[in-house]
Structure formats: C-alpha cells, structure tokens
Amino acid sequence: MRKRAAKKRPLLPDPKFNDQLVTRFVNMMMWDGKKSIAFKVFYDAIAIVEEKKTDDEKTALEIWKEALSNVMPHVEVRSRRVGGATFQIPMQIRPDRKVSTAMKWLISYSRKRNEKSMAQRLASEVLAAAKEEGAAVKKRTDTHKMAEANKAFSHFRF
C-alpha cells in the first residue's frame, strides 16, 4: 500500500439501546444517507420482534444479537491462483469481518423477503435467524459446507 491504513473511527452508540453494534447495523442498512429512516426501520423491527417473540426471558435486542451470532460465519473460501488453476481456499475470518458479513447477509436476505414493510421483513428474518432457520442462516451453512469441501486445498493458504 502507498499510504498507511486508515484508522478506525469510533462509532457513537445508538440513542435508544446505547449500543455501538446497533449503530453499525443501521449504518449498513441505511440508503442514501437517510440515517433517521434507517433507525426508524430498525426500532420498528425490534418492536415487532418484541411482539412476536415466544421466549419471555429474552429482550428483543438479545434476540437480534442471537440472530446475528447464528448468521456469523467462522470460515470462508477465497480464490487463489496456483499454477494456472484457481482454487477455493478455506480461511478463518477476522472477528470484525465476521460481524459485518453477518449484518450484510441479514440485511440483504431481509430485503428479499416479501412482507409489506422493511421493518416487518427485518423482524421476521431476525426471528427466523434466532431459531437457526431462514435464508441468512442457510447462507452461513452453505459457506461452511463449501469450506469443508475445499479443505484439501488449505495448504495453499497465504
């Protein structure tokens, strides 16, 4: 690299739950810099999760965090050219990348659902992920299966 790596800017915690992870999620969900709308969607989704939840001892935010950890991948495959052939090499993921990948998958698969509003889509995807089902969790299992299938090429790691 020509320049030094950019230093991480600290995120302000969100106003309602006082949690930086929520702010990070909302920043990923935000479109066109409309942060207030993204916060409204997230808080509405959490309210819907609060209504629909079956587990009484957990709060809606804890259910969301559990869903996030259920979607989080531990390994991923990366392409690497070795002597004219491209191999899919399984690699461990850095902790911050695990979280951002999980958030990305949760948001993208909730956008693909067919409920009325984004808050309802996000809430149902979070509830499904908390129960270890849904499209985002399936993506994680598929990623893990692909890494397991390509375990033979792990000696090409760089």
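What follows is a short walk through this predicted model, from the overall fold to one helix pair. Residues are numbered from 1 along each chain as its sequence is written, side-chain values use heavy atoms with hydrogens and water left out, and local features need pLDDT of at least 70, side-chain atom pairs pLDDT 80 or more, while totals for chains, interfaces and linings use all residues.

Let's start with the whole chain. It has 6 helices and 2 strands, taken as DSSP runs numbered from the N terminus (H or I, at least four residues, for helices; E, at least two, for strands). Follow the sequence and you read α-α-α-β-β-α-α-α. The C-alpha atoms fill a box of roughly 55 × 40 × 30 Å along the principal axes. Of the 158 residues, 39% are buried, that is, under 20% relative accessible area with a 1.4 Å probe, protein chains only. Among contacts (heavy atoms within 4.5 Å) with a separation of 6 or more, 60% link residues 24 or more positions apart.

Now zoom in on helix 3 (residues 60-71) and helix 4 (residues 95-111). Their axes come within 8 Å and cross at roughly 105°; the axes are lines fitted to C-alpha atoms over the stretch in contact, with angles from 0 to 180 degrees between N-to-C directions. The two helices are therefore roughly perpendicular, the label for 65 to 115 degrees. Helix 3 brings Trp64, Leu68 and Val71 to the contact, and helix 4 brings Ala102, Met103, Trp105 and Leu106. Sorted by type, these residues give 7 nonpolar, no polar and no charged, where nonpolar covers Ala, Val, Leu, Ile, Met, Phe, Trp, Tyr, Cys and Pro, charged covers Asp, Glu, Lys and Arg, and polar the others, Gly among them.

How values were computed:
Parallel < 35°, antiparallel > 145°, perpendicular 65-115°, else oblique. Buried < 20%, exposed > 50% of the residue type's maximum accessible area, 1.4 Å probe, protein only.
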